[in-house]
Amino acid sequence: MSNLIIVGSVALDSVKTPFGSVKDALGGAATYSSYAASFFAKPSIVGVVGSDFSRQHLQLLQQRGINTDGVEIRKTGNTFRWEGYYEYDLNEAKTVRTELGVFADFEPKLPESYRNAEYVFLANIDPELQLNVIRRMKKPKLVLLDTMNYWISNKKQQLLEVIGKVDVLLLNDSEARQLFETPNLVKAAAAALKLGPKYVIVKKGEHGALLFSDGSHFSAPGYPLESIKDPTGCGDSFAGALIGYIAGKSSNSEKDLRKAIIYGSVIASFNAEDFSLERMKRLTMAEIEKRYSEFEMIREF
Ligand code: AMP
């Protein structure tokens, strides 16, 4: 039985930063987040790829213990491609092109064994599809939701509806301001909590993340990274590590959620050290624990 399922894009990314570039490298929200989660749990992913998708990419995920039965492999059509670049402000990705390919009519197909999962991460996809996945789950203990500005601009009502059905909402600061039409993140988080989620996490790029719940607040620092090469997938690896940690512990306590946010920050900071999944591929548990301890020290005063 799958304990954690992750639904989202599996992609081939072409990325340029001031420190190098890659073409058609493995990427996508489900890819980054499941790989990050695999340090703590055994995730299963739901996505779609085209006939051009290398088997080796799927094997890479499978070797990490990630179940890929939910990845539909289409016989025709191309895998979703994203092309983007970053300037010296690495917090902002500039999109050059998105070629949806087989992702254009993606309908998440949940194998029967996935429907009992207790933990669910709905990465950035159409909120109507996110809603369909929630409806098909039997009795999840915790659903984490991510989104992006495109859906805030184009499907706001559907997005607000799905937010009302999840336990934890994840947004970056500009999305929180846009969605709740306020420059004030505290007000935005309060508005989000009113819709139903128990927790709202606001990511602030390299500056850390804020956790809001009714009556409490936690602030995770950013890690002062010296060698950033490519921030692509940091948001997704943050989310994946976070839900992976929670699923691995099978705990919904706020204390564990706070720890999960720090593990999310740790994995995301490593992810930025190289292109695609390269840094996570050579990451060890010992390195993760060492950086986790450094985070504890950063926060001490
Ligand atoms: P982030 O964690 O925000 O840096 O997410 C980066 C990943 O999101 C990249 O690997 C892209 O392939 C993927 N991505 C970019 N645009 C979209 C989109 N419109 N829908 C789904 N995934 C996307």
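Me: In this predicted model, which strands does helix H1 lie across, and at about what angle does H1 run to S1?
Reply: Helix H1 covers residues 29-37 of the predicted model. H1 lies across strand S1 (4-7), strand S4 (43-49) and strand S8 (119-122). Relative to S1, the helix runs at about 160 degrees.

Me: What is the order of the strands in the open sheet of 9 strands?
Reply: The sheet is open and its pairing is mixed. Read across the sheet, the order of the strands is S5-S4-S1-S8-S9-S10-S11-S12-S13.

Me: In which sense do S10 and S11 pair, parallel or antiparallel, and which residue of S11 stands opposite Leu 171?
Reply: Strand S10 (residues 168-172) and S11 are joined over 5 bridges, and the sense of their pairing is parallel. Within S11, the residue that stands opposite Leu 171 is Val 202.

Me: In which sense does S12 pair with S11, and which residue takes a positive phi in the hairpin of S11 and S12?
Reply: Strand S11 (residues 199-203) pairs with S12 over 5 bridges in the antiparallel sense, and Lys 203 stands opposite Ala 209 in S12. The hairpin of S11 and S12 has 5 residues between the strands, and the residue with a positive phi, near 55 degrees, is Gly 205.

Me: How many residues lie between S12 and S13 in their hairpin?
Reply: S12 and strand S13 (residues 216-220) run antiparallel and are joined by 5 bridges, with Ser 219 in S13 as the bridge partner of Leu 210. In the turn, Gly 215 has a positive phi of about 95 degrees, and the number of residues between the two strands is 2.

Me: How many residues of S12 are buried?
Reply: Ala 209, Leu 211 and Ser 213 point one way from S12, whereas Leu 210 and Phe 212 point the other way, and all are buried. Strand S12 (residues 209-213) is accordingly described as mostly covered, with a buried count of 5 of its 5 residues.

Me: Is Thr 17 buried or exposed?
Reply: Thr 17 has its place in strand S2 (residues 11-17), and its contacts beyond four places in sequence are Tyr 86, Lys 229, Asp 230 and Phe 275. A polar atom of the Thr 17 side chain lies 2.7 Å from the backbone oxygen of Lys 229. Because its relative accessible area is 8%, which is under the 20% cut-off, Thr 17 counts as buried.

Technical notes
Residues are numbered from 1 along each chain as its sequence is written. This is a predicted model: local features need pLDDT of at least 70, side-chain atom pairs count only at pLDDT 80 or more; totals for chains, interfaces and linings use all residues. Side-chain values use heavy atoms; hydrogens and water are left out. Helices (H or I, at least four residues) and strands (E, at least two) are DSSP runs, numbered from the N terminus. Buried means under 20% relative accessible area, exposed over 50%, partly exposed in between (1.4 Å probe, protein chains only). A polar contact is a pair of N or O atoms within 3.5 Å; within protein, one must be able to donate a hydrogen and the other to accept it, and residues adjacent in sequence count only if both atoms are side-chain atoms. Contact means heavy atoms within 4.5 Å. Two strands pair if DSSP finds at least two bridges between them. Axes are lines fitted to C-alpha atoms, for helices over the stretch in contact, and angles run from 0 to 180 degrees between N-to-C directions.
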